[in-house]
Amino acid sequence: MSGSAERVVFVHDRPGQESLLTGGTIARLRSDDAEVVVLFGSTDSHSADDSDVRAAMAALDVSDWRMLPAASGAQSLAEAVADVLTDVHATAVVIGADDDTLRRAAAGAADSLNVPVFEHRQVTDAVGQRLVAIDVSGQVDQKLRALAAYARRWSVTDHTVVPVESVAAADPADPADPADRPVTIGGTETFLRLPLAHAPDPDATPGLLSRGLAAVVALLTGAAFGVLGTIAHQATLPIGPVTIPIGLILALAGIMTLLAGLRLMLGDRLVVFSCAIGLLGTIFILSLRSTGGSVLVPEGIPGLLWTVVPTLVATIVLAWPRIPARPRSA
């Protein structure tokens with residue numbers, strides 16, 4: 001989540017949460033010239049004044065923040081979030097919302113557009129899960145300035161942030177009261193990457209129609225390589241006393257690259273088999289003597305190699321076992 005090509009939308013319940021939960025990541029992205037949009041889901045009584053929000057955004061170097069319109073349901077809220085993601089051509093979504101409806105709406109909107117989703121998580125809240133840790137040690141000062149802009153919500157001293165309202169409401173006789181616990185701002189923010197429900201599974205078996213179309217295209221491609229190779233395999237390049245069979249070398253290299261590439265990229269033997277049929281069938285037909293007596297594959301070592309080597313290559317490529325895909329990191 002860094003780089004000038006990124007366009008990241010941060011989704012939070014209300015102003016202030018963006019600075020507390022993800023302020024360092026926002027500032028780091030902006031330092032890398034990434035585009036950042038902060039999206040708030042409510043304008044309730046906990047929201048800050050516009051001047052506070054402007055000051056916090058200025059501290060984080062953010063110029064684009066928006067309030068979601070009042071939504072009548074989760075579906076309309078998801079549509080509103082999707083409109084924002086589409087408008088900014090988002091490449092990632094970061095969710096720091098506590099409200100379940102907003103979280104589901106943001107994740108659903110991102111899922112519908114196949115946009116990666118990262119949800120803010122504390123390490124203690126994600127035991128056993130693989131988190132993405134962002135080093136924001138260089139942006140801690142910006143984060144503290146953004147938090148200080150919400151003076152009616154937090155009191156900021158050095159790297160410690162204490163909720164103002166919580167301090168007033170805390171029970172002095174109960175030192176364990178969580179409302180009286182200060183928050184220490186560190187140099188790392190952690191996120192959990194959520195799986196996309198509609199993302200295509202690279203290990204899934206393609207459908208019958210798509211496999212059939214791929215097989216037809218592979219058959220025609222193999223035939224085209226067979227024609228070109230048969231025409232070019234007799235070409236030579238004399239270099240002094242040595243004659244290099246440049247045409248045969250290029251033709252064999254081309255068919256090996258074609259067949260091996262299809263096997264590695266698609267992993268589907270049907271497609272490779274179709275390509276091999278088109279290739280070998282074309283070579284066989286063109287090697288026959290025409291009615292006029294002409295021969296495209298004359299007798300000799302080049303002709304023999306051109307008719308034998310493609311068969312061996314196709315057999316090897318079709319026979320080798322499928323290589324298991326590497327596990328994908330989060």
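Contact here means heavy atoms within 4.5 Å. The model is predicted: local features need pLDDT of at least 70, side-chain atom pairs count only at pLDDT 80 or more, and totals for chains, interfaces and linings use all residues. Residues are numbered from 1 along each chain as its sequence is written, and side-chain values use heavy atoms, with hydrogens and water left out.

**Exercise 1.** Determine where T282 lies, whether T282 is buried or exposed, and what T282 is in contact with.

Solution. 
- Helices (H or I, at least four residues) and strands (E, at least two) are DSSP runs, numbered from the N terminus. T282 belongs to helix α9, residues 269-287.
- Buried means under 20% relative accessible area, exposed over 50%, and partly exposed in between (1.4 Å probe, protein chains only). T282 has 14% relative accessibility and therefore counts as buried.
- With neighbours within four places in sequence set aside, the contacts of T282 are A223, G226, V227 and I277.

**Exercise 2.** Give the strand order of the open sheet and name its edge strands.

Solution. 
- Two strands pair if DSSP finds at least two bridges between them. Strands of a sheet pair through backbone hydrogen bonds, either parallel or antiparallel.
- The open sheet has seven strands in the order β3-β2-β1-β4-β5-β10-β6, and its pairing is mixed.
- β3 (65-67) and β6 (132-135) are the edge strands, each pairing on one side only.
- Strand β10 (residues 188-194) and β6 are paired in the antiparallel sense over four bridges. V132 has F191 in β10 as its bridge partner.

**Exercise 3.** State which strands helix α1 touches and what angle its direction makes with that of β1.

Solution. 
- Helix α1 (residues 17-31) packs on the sheet and touches β1 (7-12), β2 (35-40), β4 (92-95), β5 (117-120), β6 and β10.
- Axes are lines fitted to C-alpha atoms, for helices over the stretch in contact, and angles run from 0 to 180 degrees between N-to-C directions. The direction of α1 makes about 175° with that of β1.
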